[in-house]
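I opened the model to follow the strands and a few side chains. My notes are below.

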Amino acid sequence: MLTATVQFSGTAFTVYIAEFEGTYIISIPELAFSMQMDNNLAHEEMADELIIHLFTLLDEDESEHAAKVILSVIRTEQGDNNGDKR
């Protein structure tokens, strides 16, 4: 399981990212947020999915910031594991 820390309004939240059966399960327990995302999506598609789902709880800037942090962790892990550096 991967983790990342994202800050919103001066508060740090832990994001948990697990890979399971071709998907990522992304969770921010303090916000009661979780989502499932196909791990074969292109970078831009992943960013769009994350922003759309996070926008239900956060404003646009916070959603975009969180998506960047989460994608950074995912992309680093993909690069380390299989050489995929899309």
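I began with the pairing of E3 and strand E4 (residues 33-38): the two run antiparallel over six bridges. Strands here are DSSP runs of at least two residues (helices, H or I, need at least four), numbered from the N terminus. Two strands pair if DSSP finds at least two bridges between them. I noted that this is a predicted model, where local features need pLDDT of at least 70 and side-chain atom pairs pLDDT 80 or more, while totals for chains, interfaces and linings use all residues. Residues are numbered from 1 along each chain as its sequence is written, and side-chain values use heavy atoms, without hydrogens and water.

**Hairpins.** E3 and E4 form a hairpin with four residues between them. In that turn, I found alanine 32 with a positive phi of about 55°. I then looked to the other partner of E3. Strand E2 (residues 11-20) pairs with E3 in the antiparallel sense over five bridges. Tyrosine 16 stands opposite serine 27 of E3. The hairpin of E2 and E3 has two residues between the strands, and glutamate 21 takes a positive phi near 50° there.

**Threonine 23.** This residue sits in strand E3 (residues 23-28). Its bridge partner in E4 is aspartate 38. Is threonine 23 buried or exposed? I read a relative accessible area of 12%, so threonine 23 is buried. The cut-offs are under 20% for buried, over 50% for exposed and partly exposed in between, with a 1.4 Å probe and protein chains only.

I checked its polar side chain next. A polar atom of the threonine 23 side chain lies 2.7 Å from the backbone oxygen of phenylalanine 20. Leaving aside neighbours within four places in sequence, threonine 23 is in contact (heavy atoms within 4.5 Å) with Ala18, Gln36, Met37, Asp38 and Asn39.

**Methionine 1.** I found methionine 1 in the segment before strand E1 (2-8). Its relative accessibility is 73%, so methionine 1 counts as exposed. Not counting residues up to four places away in sequence, methionine 1 touches Tyr16, Ile17 and Ala18. I also looked up the C-alpha separation of methionine 1 and asparagine 40: 18 Å, at 39 residues apart along the chain.

Technical notes: A polar contact is a pair of N or O atoms within 3.5 Å; within protein, one must be able to donate a hydrogen and the other to accept it, and residues adjacent in sequence count only if both atoms are side-chain atoms.
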